[in-house]
Amino acid sequence: MKKRILSVLVENRAGVLSRIAGLFSRRGYNIDSLSVGTVDDPAFSRMTIGVTANDWQTEQIMKQLNKQIPVIKVAELLPEDSLIREILIIKVSATVEHRREIKDLADIYKASVLDVTQNTMILEVTGSEKKIESFIEHIRTYGLLEMARSSSVGMQRGTASF
């Protein structure tokens, strides 16, 4: 089993999220990550759902999603054909002696410094799951105090679209 990212176009109305989450729950699949937002047409929303599943399970999930009335279209976002990103906001201990090193590390990861106090820095990083994991591992040595991480959002490359 591996992590799969599904992009689901749904009607933008009350109760849709509950129906989709209930479908996963009833079938015994755990949602690893979930992001929902409206698209260019406010009548619709795009759900980006992360789930750990094998090929057969993924096919079953997609078939079940396609049977739901509020679902317009379902697609699996394959890493080689898609752009998938996450956002991380992280607070680290930053003594005066380490601020330059932390800023240099942030520059390598194209992270933004959002806040600086006497003893802390808050940084923001956007990128793939691997980039986010790598940044966390490197910045942890300075003293990770707190972090907030989004779920994945993504879309297919090129002309493919909903």
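The model is predicted: local features need pLDDT of at least 70 and side-chain atom pairs count only at pLDDT 80 or more, whereas totals for chains, interfaces and linings use all residues. Residues are numbered from 1 along each chain as its sequence is written, and side-chain values use heavy atoms, without hydrogens and water.

Glu 59 and Lys 63 both belong to helix H2, where they stand 4 residues apart, about one turn of the helix. Helices (H or I, at least four residues) and strands (E, at least two) are DSSP runs, numbered from the N terminus. Glu 59 is partly exposed because its relative accessible area is 42%, and Lys 63 falls in this class at 43%. The classes are buried (under 20% relative accessible area), exposed (over 50%) and partly exposed (in between), with a 1.4 Å probe and protein chains only.

The salt bridge count comes to 10. One of them pairs Arg 4 with Glu 76, the closest N and O atoms being 3.3 Å apart. Arg 4 lies in strand S1 (residues 2–11) and Glu 76 in strand S4 (residues 71–76), so this pair ties together parts that are 72 residues apart in sequence. Both Arg 4 and Glu 76 are buried. Glu 146 and Lys 91 form another salt bridge, with 3.5 Å between the closest N and O atoms. Because Glu 146 is in strand S8 (residues 144–149) and Lys 91 in strand S5 (residues 82–93), the pair ties together parts 55 residues apart in sequence. Glu 146 is partly exposed at 47% relative accessibility, as is Lys 91 at 28%. Salt bridges with shared partners also join Arg 4, Asp 55 and Glu 76 into one network.

The surface also carries patches, made of residues with over 30% relative accessible area and no salt bridge; like charges are joined within 9 Å, and nonpolar side chains (Val, Leu, Ile, Met, Phe, Trp, Tyr) within 5 Å. Arg 19, Arg 26, Arg 27 and Lys 67 gather in a patch of positive charge, to which H1 gives the most, with 3 residues. Lys 67 lies in helix H2 (residues 55–67) and is exposed, with a relative accessible area of 60%.

Terms used. Areas by Shrake-Rupley, 256 points an atom, 1.4 Å probe, with all protein chains shown as cover. Salt bridge = Lys/Arg side-chain N within 4 Å of Asp/Glu carboxyl O. Lys, Arg positive; Asp, Glu negative; His and termini not counted. Charge placed at Lys NZ, Arg CZ, Asp CG, Glu CD.
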